[in-house]
Amino acid sequence: MNRVSRPFHMSDLQMVISDLAPLFGDRIHLSQAVREQHGQGEDSYGCIPPDVVIYPFCTEEVAQIVSLCNRFNIPVIPYGTGTSVEGHLLATHGGICLDMSEMDQILEVNADDMDCRVQAGVTREVLNRDLRYDGLFFPIDPGANASLGGMASTRASGTNAVRYGTMREAVMGLTVVTPQGEIIRTGTRARKSAAGYDLTRLYVGAEGTLGIITEVQLRLHPIPEEIRSAVCTFESLGGAVYTVIEAMQAAIPLARIELLNSLQMQACIRYSKLEGFAEAPTLFLEFHGSPAGVQEQIDLFEEIARNNGGREFRWAATTEERNQLWEARHKAYFAAQALKPGAKAITTDVCVPISDLAECILAAEAHVLESDLLCPIVGHVGDGNFHLLIVFDQSAEEDCQAARELSAKVVESALKVGGTCTGEHGIGSGKKQYLRDEQDKAVEIMATLKRALDPNNIMNPGKVIDL
């Protein structure tokens, strides 16, 4: 994973840098520290830095860089906030990293139509701070304060997905720079369209391998009249999961429903200094709607939970308490790593049909018991997505091997019931074999598309598929 195979001559790269220097000046970075920062995400795949990092300001600058890179077969790796977890940022073929953080303008907000257009470097927290004055919010919440271009590229999801969908549903259109350096716009502001191939959905989830997303048109939602958050603990993990299944089958319109097993609760209590919470299987919940509608949802859910061993609900009485609850949930990954200081974590990311959720989670827990690894479980269980956070010592080959084998078992269990190897994190560098196991011959169609759109293989090479 640490070897670099460059498909270009370093002299050509120097020529490209010289051509760009008059325009970009001190926005071109060659220092080891900056390059290493951009050669890794929040994952366990190590660091493979790019040869150069450049900060563009606009779509036209991205197009200029990409056009030059295509001429000399120099790879281009887009970078948002560095929060990806599947080796998306490894410069396995060297090349230029485009840090999109300076492209951070909210270009337009159409409050009456509940949509907006932003540059790719805008983060979800910045967007929501700006939108609150219009009574609107953007619901996709992966936990990290990720950039919206990066979220579109990985088809991100999050805690609100059970009610509001994923980036696939949220993105209405895109501005994309193609591998040849051309600028195209996909989609419209209309709520639906049957015009030609759906190129928007092609680029959403392509992980920067088909083009670089520079602007995103997003669907927004009104801020709910009533928001209620709660935590409910259970006697058993199975009871918590069956509660989720029955709640979804009863069509309770939950905004969020998150599962943490006993070990993950222990980690979050310690890491986020939560007081008065039990180290037991727990559901984090949120209800949106009118006061009467929310109360109806709560009453029905409480009945289902009690029948499955749910204990007393703990309600967040204020906005501050609600934010504290969800901040603790969002820090679950770092809380898990803190269980073993200095360790790394593999974040399995399977998603299964809701009726198979209990079987797959309990099977994952059984696999954990057969290993000697620390493995908290956390998940966006309302849509069948859960993560086994496999914490391991990267310096111990035995631990590394055991972690990889456990990850494979979890994916295998998900695929057997018609699930997927990744519900939201993407394929990146680490799940290419899993993609072949899941999609079989369809991967060859993906490769055909990649060759047709990016014949020089400069767009984030080595990710999703190998040519």
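Phe313 counts as buried, with a relative accessibility of 12%, where buried means under 20% relative accessible area, exposed over 50% and partly exposed in between (1.4 Å probe, protein chains only). The model is predicted: local features need pLDDT of at least 70, side-chain atom pairs count only at pLDDT 80 or more, and totals for chains, interfaces and linings use all residues. Residues are numbered from 1 along each chain as its sequence is written, and side-chain values use heavy atoms, with hydrogens and water left out.

A search of the whole structure gives seven aromatic pairs. Rings of Phe, Tyr and Trp (its six-membered ring) pair if their centres lie within 6.5 Å; planes under 30 degrees apart count as stacked, over 60 as edge-to-face and the rest as tilted. Phe313 forms a stacked pair with Trp315, at 5.8 Å centre to centre and 15 degrees between the planes. Trp315 is partly exposed, at a relative accessible area of 25%. Tyr333 and Phe334 make an edge-to-face pair, with 5.4 Å between centres and 75 degrees between planes. Of these residues, Tyr333 is buried at 13%, whereas Phe334 is partly exposed at 33%. Ring pairs also link Phe287, Phe301, Phe313 and Trp315 into a cluster.

Helices (H or I, at least four residues) and strands (E, at least two) are DSSP runs numbered from the N terminus. Helix α12 covers residues 319–330, and its end C-alpha atoms are 16 Å apart. The buried residues of α12 are Arg322, Leu325, Trp326, Ala328 and Arg329. They lie on the same side of α12, because their arc around the axis is only 155 degrees; the arc is that of the directions from the helix axis to the C-beta atoms. Their cover includes β12 (226–234), α10 (262–271) and α13 (332–338), contact meaning heavy atoms within 4.5 Å.

Elsewhere, five strands form an open antiparallel sheet in the order β5-β6-β10-β8-β9, where two strands pair if DSSP finds at least two bridges between them. The edge strands, β5 (106–110) and β9 (183–187), each pair on one side only. Neighbouring strands are turned by 10 degrees against each other on average, direction ignored. Axes are lines fitted to C-alpha atoms, for helices over the stretch in contact, and angles run from 0 to 180 degrees between N-to-C directions. Strands β8 (residues 171–177) and β10 (residues 212–219) pair over six bridges, and Leu174 has Val216 in β10 as its bridge partner. Helix α4 (residues 124–131) packs on the sheet and touches β5, β6 (115–119) and β10.

Definitions and conventions:
The expected span of a helix is 1.5 Å times one less than its number of residues.
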